[in-house]
Amino acid sequence: MIVLGCNGFTRVSEIFAENFGAVGTDKNYLLGHDAGASLLVDGELVAAVEEERLNREKKTTDFPINSVKWCLDYAGLKFSDIDLIAIPFDFSAEVLDEMLSGIVSAPMPPAAKLDLLNNIGKLFTEVVSHEAILADFAARTGFTPDPDKVVFVPHHLAHAMTGYYVAGMKDTAFLISDGRAEVLSTLMGEIRDGRIRVFDETAIGAEYSIGILFSAITRFLGFVPNNDEYKVMGLSGYTRPPAPNPFLEHLVELHEDGRYSFRKPLETDNPRSFDPLFEQYFGPFQDTLEYKARVAAAAQEMLTVVTRHQVRALEAKTDLNHLLFEGGVALNCLNNTPLFEGSRFDDMEVSFGASDTGVTIGAAVHAWVNHPDNAGRERSAPRVTPYLGPEYDDAAIEQALRDFDSRVEWSRLNGDDEVVDHVAKLLTEKVVIGWFEGRLEHGPRALGHRSILANPSFPDIKDIINTKVKHREPFRPFAPLVLESEASRVFEMGRKTRSPYMTFVFPVKPEFRDVIPGATHVDGTSRVQTLTDEDTPRLAALLRRFTALTDVPCLINTSFNVAGEPIVCTPADALNCFLGTEIDYLVLGNYLVTKADTSA
């Protein structure tokens with residue numbers, strides 16, 4: 001069975017700009033962000049790619065025409081070969097009724113209520129209804145799908161199935177938390193033998209979305225909401241949260257069954273509505289590190305308290321011992337480690353597709369698992385890798401190098417051993433290296449195939465990369481790569497033994513803080529990615545060789561891009577980024593690239 005997962009809408013950006021003011025700082029206040037496609041063939045995830053990597057528009061919401069075509073081309077398939085198309089939203093007539101009823105009963109002035117009803121109506125009829133999505137698919141692809149072969153999967157269930165599939169399809173409890181889905185922002189339940197059971201009493205509506213509230217705080221601090229929340233997470237490490245915490249004292253209320261609410265509901269169509277409240281709590285906004293860190297630390301503690309409350313309720317509702325945490329809130333990796341350590345669960349996993357980048361995978365899995373032809377069939381656990389996107393052979397790399405001939409110089413190294421040996425020696429110095437190999441990774445984190453690498457033993461390497469390469473704020477930390485077998489020697493891993501997707505934060509052991517200062521945040525922690533020879537053989541070999549040369553057990557890994565741009569996809573993308581920054585060397589597959597001397 002061939003299942004295509006597809007997320008993205010042609011006109012959603014236009015509709016949100018015209019009717020909800022989603023422009024400028026609020027440009028990502030949308031549905032369908034992180035557009036992309038995935039392809040599941042007989043239960044095997046063979047391809048997935050985000051549209052932004054191909055159209056080069058960060059967090060694009062556009063219909064993923066490039067992603068869809070690439071997935072099919074990669075597998076040698078045509079549209080007529082597809083058995084099911086899975087959409088990770090289900091805006092049914094019943095959902096519309098619920099949305100409209102919520103607006104009618106909301107405490108809003110009549111004129112504002114009528115405007116919102118009209119705007120929601122336009123969004124539904126022109127973008128997200130089943131009929132609008134089918135028409136959009138046909139218009140953009142030229143292929144008119146059979147409506148009976150299109151499966152509309154509720155958004156949070158798509159998130160749950162993403163985590164379930166990536167974790168090996170074992171029975172599990174789940175917590176899903178994000179900005180909003182169709183009408184909800186968070187959901188809990190369990191999956192047994194592929195069947196989802198939702199604990200309906202735990203559901204939280206969008207008006208009490210901890211994800212949207214955290215985005216509103218992100219915006220208040222001068223960052224881009226639904227994009228820069230990780231900056232708030234990084235800032236929180238610079239100070240302790242205020243005591244008492246005004247968010248916990250005056251805003252958030254915890255209830256039974258893991259539910260919570262805010263004393264003032266969110267105006268989900270107005271991301272600025274909480275700004276006066278934030279200034280009441282923390283004083284007039286000040287563009288200083290001290291002020292921003294204090295707000296960020298309070299927000300981080302609030303998020304931790306709310307999610308811990310949810311997990312405690314989930315523990316009481318299920319006898320399963322495995323936990324999945326998915327949705328955009330699960331990308332707050334600073335929260336994930338204490339959340340797991342304070343739970344009774346034997347393990348907790350956050351997938352590489354926890355954000356909306358992964359919902360095309362989960363929607364496809366949901367459609368496959370629940371199709372009548374697969375009922376009762378025994379399913380073996382798949383081996384899942386995040387390296388699911390395009391790759392480029394030597395011929396493609398050589399063509400790109402020739403296209404940049406006057407601006408770069410290059411030499412071809414003879415296979416993995418020479419690449420590993422040569423690059424490891426370069427990394428003993430204070431250099432920054434662009435690393436490009438194999439298939440493009442999926443999800444928001446660079447996981448070693450489109451990465452920037454550096455030696456973390458230099459205290460100022462973080463400043464060098466932030467200012468001269470990434471062009472981003474100086475307070476931003478960098479993640480370390482470590483061999484899975486070495487992780488517990490370097491980091492306080494607690495009950496975790498691995499963190500392959502950079503979704504957990506761990507304290508650096510005191511004896512290693514001076515060894516890897518460039519990968520140690522101000523609070524003494526690191527967002528760790530563990531490596532194995534099975535998952536990333538060349539990168540693991542590079543780290544092992546580098547450690548043998550330096551006695552430093554980690555490398556800095558950050559995404560191969562500059563601020564505001566998607567991670568590079570093609571060799572040409574990599575070369576453009578290399579030439580537009582102060583990256584010292586570029587490794588393109590087996591080719592070592594330097595900048596041409598143009599001074600003569």
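**Close-up 1. Thr337 in helix 13 of the predicted model.** Helix 13 spans residues 333-341 and includes Thr337. The relative accessible area of Thr337 is 10%. Buried means under 20%, so Thr337 counts as buried. Setting aside neighbours within four places in sequence, Thr337 contacts Phe504, Val505 and Phe506.

**Close-up 2. The second largest pocket.** Its volume is about 640 Å³. The lining comprises 35 residues. Closest to the pocket centre are Val384, Thr385, Arg498, Tyr501 and Asp535. Two or more lining residues come from each of these elements: strand 3 (44-50), helix 7 (155-166), strand 13 (347-349) and strand 20 (529-531). By class, the lining of this pocket holds 16 nonpolar, 8 polar and 11 charged residues.

**Close-up 3. A cis peptide bond at Pro244.** The bond runs from Ala243 to Pro244, and its omega is near 0°. Pro244 sits in the loop that links helix 9 (229-235) and helix 10 (246-251).

**Close-up 4. Positive phi at Asp34.** Phi of Asp34 is near 60°, and the residue is not a glycine. Asp34 belongs to the loop between helix 1 (12-20) and strand 2 (36-41). Its relative accessibility is 9%, so Asp34 counts as buried.

**Close-up 5. Positive phi at Arg56.** Here phi is about 65°, again in a residue other than glycine. Arg56 lies in the loop between helix 2 (51-55) and helix 3 (65-75). With a relative accessible area of 28%, Arg56 is partly exposed.

Note on methods. Residues numbered from 1 in each chain as written. Predicted model: local features only at pLDDT ≥ 70, side-chain atom pairs only at ≥ 80, totals over all residues. Heavy atoms only, no water. Helix = DSSP H or I, 4+ residues; strand = E, 2+ residues; numbered from the N terminus. Buried < 20%, exposed > 50% of the residue type's maximum accessible area, 1.4 Å probe, protein only. Contact = heavy atoms within 4.5 Å. 1 Å grid on protein atoms, 1.4 Å probe; cavity = no way out; pocket = protein on both sides within 12 Å on 5 of 7 lines; lining within 4 Å. Points joined across faces, edges and corners; volume = space filled by probe spheres on them. Nonpolar A, V, L, I, M, F, W, Y, C, P; charged D, E, K, R; others polar.
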